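Keep the viewer open and follow along.

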Amino acid sequence: MKMSHTGIRTAAIVAAAALSALAAAPGIARAEACTIRIGAVLPTSVDWGRPIAATAQFAVEVANKAGGVNGCKVEMLLRDTQTQAKVGVDAAKAMVDIDKVPVILGAVSSGVSMPILTSVTVPAGVMQMSCCSSSTSFTRLAAAGKTKGLWFRTFATSRVQTSMGAMLAKEKGYKKVAVFYKNDDWGQDMVKLVSADLKSVGIEVTAAVPINDGQPSYRAEVTKALNPRPDALYLALYPKEGIAVVREWISLGGSRKMVVANSLKSDDFRKGVGIKYLGDLVGTDTSSPRTKSASAFVELYKSRFKKEPNGPGLANSYDATMVVLLAMQAAGKGAGGAAIAAKVAAVTDPGGTPVEANVDGFKKASALLKAGKTVNYQGATGAVKFDRNGDVSAPAVVWTFTDSGVKETRYIALEDVNAFIAKLK
Amino acid sequence: MIGVVSYLVFFLTIAAILAIAVLGLNLHWGNTGLFNGGIAAFFGMGAYMTIILGGTPQAGQFGGFGLTYPMALAGGVGASGLLAWLVGVATLKLRHDYLAIATFGVAVAFESFVRNTEWLTGGAKGLRGFERPLEAAIGDPFLFNLCFLVFVLLVLAAVTYGLGRLIRSPYGRLLRAIREDEDAARSLGKNPARTRLASFIAGSMIIGTSGGLYATFYAFVSPDDVLPILTFQIWAMLIVGGAGNTKGALLGAFAIWAAWTGSGWVLARLAPVEMQLYTGTMQYILIGLVIVGMLLWRPQGLLPERLVISQSGGGAARRSAQSV
């Protein structure tokens, strides 16, 4: 069947009309005094990627409500990576070359962040801040001096989670633990670290089973882990696969004792599995020190999105964006990537004035930074402080599920986390 | 202005690298009629082997043999040729859909292998530590990108010229004969099985070259680079451009990559702020519409193959044929 010429012409006209309607729609060309732009390259076409991007946009909204950065409105250019390296790198290159952004937020998977870092941001002297790339390769790259101080990530090293997970398993007296892990760079890192940590405390890892995304059934994987009859599970999974695996596991009679990473600190997971099966589950997470700033972010998020900020990468994404915007404020108008990167230390100075992660906090911080003082940003993931490789470590918190959400049961200060890690070696 | 030029250089480099892969697929499908559903495996083999052979030694990572760049690239090309030989011997007895499924299975197995064999391929975190050739010597990043673009264009030109000569040669006619009517070719004493295998290996080595250049440009490769979406992209480029002719393959590569990246840029520019979160999903829809639209408009491809009918008779035979 051949489509007639008039048919194609009509389709083309309709498409052109739709595009111009989009262009003419309100909310695009607003005449502002000045606008400064940052770029964000995030997997918005993936279900778990969209909330991460939404949280980054939310941080920009908060900054704009507080008066913007250097008196200008902040605009975040958002491009999708489609979790493909070549698409993400192209998007980042377009934003760096054509839109001339001084900072790129992104990406999530290390397989996309790494080529962006090596072929776009470092050669162009643009700062790159990732909320969620977990691979240890970045630490090695930075230690070798290849990132020129332009790379940062608000993703606390997985070591904090796994060492605390091993500590909890030991305290609860588990002797044999099976591990389910997401088969990507983060999950593979987690399983390596947690297996080593569990072994160090004398617990046997009976099975380490990779879970690939989007499979219709995980029965084979669950059966493999079930056979040696472990006392408990360690889960390094995202909510969607976590729900499928845990439901399969429980229905086949697996133990309900579980230790999980912060990726499963999610309402979706709690509702998908059912609270009556999650009584013996404990989770780990990185946290803020016990100040009211932690709840400040949660309240702010809840008032905007009408739900708790539970989900992989949300708090990290918020902090990543806020630190970038505060550093831009400190570096002054028209500063380039390297100048902004140099000011990150001024925003996360332990000796500086503590500021909260909300509108008032941003206003206070802006004033202090403009006066040349330093601040100590108290973020959603904690008192963020980067080491010389752009990594963060943080205090830990232990949590469990309740009927309506999540309850934090224990706080472990940073010194104690580090001491425990040192003991494990 | 310099920013736009810098971006265009970058864009053209990737488009040219993908165009080399499309030329390899054109040899498979356009010339020999082999439905290769496993492009990602040969691309990935070229990419991974180039980085393993040419990379600098990295802690906790296999490889880093530090060979010179031409050796590393040649190793990558050779490895994809070897993989093609193994796959071809196993699967080329199959036809059409069955060959497509079998080769697709090979690609999925390859991706699974590189994702899980952490000690060899770095697993999901990929392989890094590749020093791009002459990057330190050139110094300026823009100049390096420009030089690399010139290098890739030279490789593309060489492959285009080589394939063009091949198609116009007796060997090219043999490939077309096998594509159109295998029994007739066999009845003339040709060996279709061996010819098909040779064509499969040659096309896969071209795809492997593309993979090697890709890995060189990013100085990094990970399992996310060898997902089935890559096979789809190369196929879309060939079909839209016009299977069976070199110019069509090249045009398709540049057109589809332009549509793929351009759609993202256009949506980011034009979509209202409230819709920004959904531009990623809309981009997929837009890409699909572009491909479907192009195929509805010109199903034979932008530059269709001009069928060459070998006439040894000359003018008289043609005139008598026309009058019939």
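Predicted model: local features only at pLDDT ≥ 70, side-chain atom pairs only at ≥ 80, totals over all residues.

**Chain B, all helix**

Start with chain B, which has 14 helices and 0 strands. Walk along its sequence and you read α-α-α-α-α-α-α-α-α-α-α-α-α-α. Its radius of gyration is 21 Å, close to the 20 Å that the globule rule gives for 324 residues, so chain B is as compact as a globular protein of that length. Along the principal axes, its C-alpha trace spans about 70 × 50 × 35 Å. Of the 324 residues in chain B, 50% are buried. Take the chain B contacts between residues at least 6 apart in sequence: 78% of them join residues at least 24 apart.

**Chain A, domains and sheet**

Chain A is divided into domain 1 (31–155 + 313–393) and domain 2 (158–288 + 395–424). Their C-alpha centres lie 29 Å apart. Where the two domains meet, domain 1 of chain A gives 13 residues and domain 2 of chain A gives 12 residues. On the domain 1 side of that contact, you'll find 2 nonpolar, 11 polar and no charged residues.

Now look for the open sheet of 7 strands in chain A, ordered E7-E6-E8-E9-E10-E13-E14 with mixed pairing. At its edges sit strand E7 (204–211) and strand E14 (406–412), each pairing on one side only. From one strand to the next, the twist averages 20 degrees. Inside the sheet, strand E6 (residues 176–182) and strand E8 (residues 232–236) of chain A run parallel and are joined by 5 bridges. In that part of the sheet, A:Tyr181 stands opposite A:Ala236 in E8(A).

Helix H6 (residues 158–171) of chain A packs on the sheet, touching E6, E8, strand E9 (258–260), strand E10 (281–286), strand E13 (396–401) and E14. The direction of H6 makes about 150 degrees with that of E10(A).

**Where the chains meet**

How many residues does each chain bring to the contact? Chain A brings 47 residues and chain B brings 42 residues. On the chain A side, several elements each supply at least two residues, among them helix H1 (5–24), helix H2 (49–65), strand E2 (73–80) and helix H7 (185–200). By class, the chain A side that touches chain B divides into 21 nonpolar, 15 polar and 11 charged residues.

B:Leu267 is in helix H12 (residues 246–270) of chain B. Is B:Leu267 buried or exposed? It is buried, because 24 other C-beta atoms lie within 10 Å. Not counting residues up to four places away in sequence, B:Leu267 touches B:Thr279, B:Met282, B:Gln283 and B:Leu286.

For the other one, go to A:Asn64 in helix H2 of chain A. A:Asn64 counts as partly exposed because it has 18 other C-beta atoms within 10 Å. Leaving aside neighbours within four places in sequence, A:Asn64 is in contact with A:Lys73 and A:Val74.

| Pair | Apart in sequence | Apart in space |
|---|---|---|
| B:Leu267 and B:Thr279 | 12 residues | 6.0 Å |
| A:Asn64 and A:Met190 | 126 residues | 37 Å |

Conventions:
Residues numbered from 1 in each chain as written. Chains lettered and ligands numbered in written order. Pairing = 2+ DSSP bridges. Helix = DSSP H or I, 4+ residues; strand = E, 2+ residues; numbered from the N terminus. Axes fitted to C-alpha atoms, helices over the stretch in contact; angles between N-to-C directions. Contact = placed C-beta atoms within 7 Å. Nonpolar A, V, L, I, M, F, W, Y, C, P; charged D, E, K, R; others polar. Buried ≥ 20, exposed ≤ 12 C-beta atoms within 10 Å, placed from the backbone. Domains from an automatic or database assignment. Rg over C-alpha atoms; globule rule 2.2 N^0.38 Å.
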